[in-house]
Amino acid sequence: MRLCFCFFLMIIFSASAYDPLDPNGNITIKWDIMSWTADGYVATVTMNNFQIYRHIQSPGWTLGWAWAKKEVIWSMVGAQATEQGDCSKFKGNVPHCCKKTPTVVDLLPGVPYNQQISNCCKGGVVGAWGQDPSSAVSQFQVSVGLAGTTNKTVKLPKNFTLLGPGPGYTCGPAKIVPSTVFLTTDKRRKTQALMTWNVTCTYSQFLARKHPSCCVSFSSFYNDTITPCPSCACGCENKRSCVKADSKILTKKGLNTPRKDNAPLLQCTHHMCPIRVHWHVKTNYKDYWRVKIAITNFNYRMNHTLWTLAVQHPNLNNVTQVFSFDYKSVAPYGSINDTGMFFGTKFYNDLLMEAGPSGNVQSEVLLQKDQKTFTFKQGWAFPRKVYFNGDECMLPPPDSYPFLPNSARGSLASLSTLSLTILVLVFISVG
């Protein structure tokens, strides 16, 4: 029974780490040993975010591991260990970190040039691969001592952990891979790392939090009913500490300053979600139809830089125009093109401000109809899945979607009109 239970848990955790809209998404951490030292090596550590629409936002990533032997960190460039640990046995040169399990963070922007390396010093913020591959990388250099000085004597670190910035990532063991090859600046010569190993980390929303972090509401031009987010869609633990939209507390200075524990300060709503996505079916044309998407922030302590919105809908295979957002098609299964990613236009609306008058972004989307599949019946016009910043949002129950006026009534009205017309014609002919 215990074995069965453990196997069941393994299935749950592995399934929760699998994202059907981004099945190959992961963060790969690559260690390249660039040179040997008297008692160890110098390595360049590169963190590549291969997730299409999930980025690492402020306050950024935190990377940890356990040394296999008694290694120490002599120095770092582009990052720093959060604790030095006990280095009392060293005389003269004191290491940067002596902890068995170091924890490393990125440096902040603006540090002196002699502390920088390429792709470092962004406060731990790493963009999503699908949004901007050039910003989806972070890098630092580490000089390791009391370690092996050959490929055979180096022991790989173990028990890697990654916070991005909160929990949710699970990292596998380090694996030796073929050495990375580099091109010189003139691209006429190739060099390679002395030794390379990779660590792969995958994200699970199930591990990150017990409730969703966003919800979705619907409306349409053909029905006056607005389908709201489900009640307590994101849990109601913060109900007691929420703030009403007209509260005088909102005028206090420092209200929008994030706390160290990242505790939210939410606006009081029935859904109690930090983020709400609203999908409004706005207009119906002969060959096209138009949707308005609005994203609203209800957290007074957090803004969202480099935000992303991933949507699954069958008609996203024929997007004609997106008016105020940038858009990329996401085709995780090749021929099935039903998923797209919306994100802010740089320097215009790529920053979603804290809750308040400016805490929303919106755009309209024009889609071309496929006459074989297009319909407004049975909620077809509404998305199947919605993700904000890589976390799946809670949708309303299908039976609450805005529905078309009763077709039976339309048929009955047409029959009544036809009957009335026949009676009028008969009356005229008799007259």
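Q: A salt bridge is a side-chain nitrogen of Lys or Arg within 4 Å of a carboxyl oxygen of Asp or Glu. What makes Arg54 and Asp19 such a pair?
A: Their side chains meet with N to O at 3.6 Å. That value is within 4 Å, so the pair counts as a salt bridge. The pair links distant parts of the chain, 35 residues apart. Arg54 sits in the loop between S2 and strand S3 (62-66), and Asp19 in the loop between helix H1 (2-16) and S1. Helices (H or I, at least four residues) and strands (E, at least two) are DSSP runs, numbered from the N terminus.

Q: What kind of model is this, and which residues and atoms count?
A: It is a predicted model: local features need pLDDT of at least 70, side-chain atom pairs count only at pLDDT 80 or more, and totals for chains, interfaces and linings use all residues. Residues are numbered from 1 along each chain as its sequence is written, and side-chain values use heavy atoms, with hydrogens and water left out.

Q: Are Arg54 and Asp19 buried or exposed?
A: Both are buried. The term means under 20% relative accessible area, with exposed over 50% and partly exposed in between (1.4 Å probe, protein chains only).

Q: How do you know that Lys210 and Glu237 form a salt bridge?
A: Their closest N and O atoms are 3.6 Å apart. The pair joins two loops, 27 residues apart.

Q: What makes Arg290 and Glu364 a salt bridge, and which strands hold them?
A: The N to O distance is 2.8 Å. Arg290 lies in strand S17 (residues 288-297) and Glu364 in strand S24 (residues 360-368), so the pair ties together parts 74 residues apart in sequence. Both residues are buried. Salt bridges with shared partners join Lys282, Arg290 and Glu364 into one network.

Q: How many salt bridges does the whole structure hold?
A: The search finds 7.

Q: How do you know that S1 pairs with S13 and with S2?
A: Pairing requires that DSSP finds at least two bridges between two strands. Strand S1 (residues 27-36) has 7 bridges to S13, in the antiparallel sense. Lys30 stands opposite Asn198 there. S1 and strand S2 (residues 41-49) share 9 bridges, also antiparallel. Ile27 faces Asn49 in S2. Each count meets the rule, so both are pairs.

Q: Why do S21 and S26 count as edge strands?
A: The open sheet of 5 strands has the order S21-S22-S19-S25-S26. Strand S21 (325-330) and strand S26 (391-392) each have a single partner strand, so one side of each is left without a neighbour in the sheet. S21 pairs with strand S22 (residues 339-344) over 6 bridges.

Q: What is called the largest nonpolar core here, and which residues have the most contacts inside it?
A: A nonpolar core is a set of buried Ala, Val, Leu, Ile, Met, Phe, Trp, Tyr and Cys residues joined through side-chain atoms within 4.5 Å. The largest has 36 residues; Ile29, Trp31, Tyr41, Trp61, Phe140, Val142 and Leu162 have the most contacts inside it. Strand S13 (residues 195-203) gives the largest share, 5 residues. A second, separate core of 32 residues includes Trp307 and Leu352.
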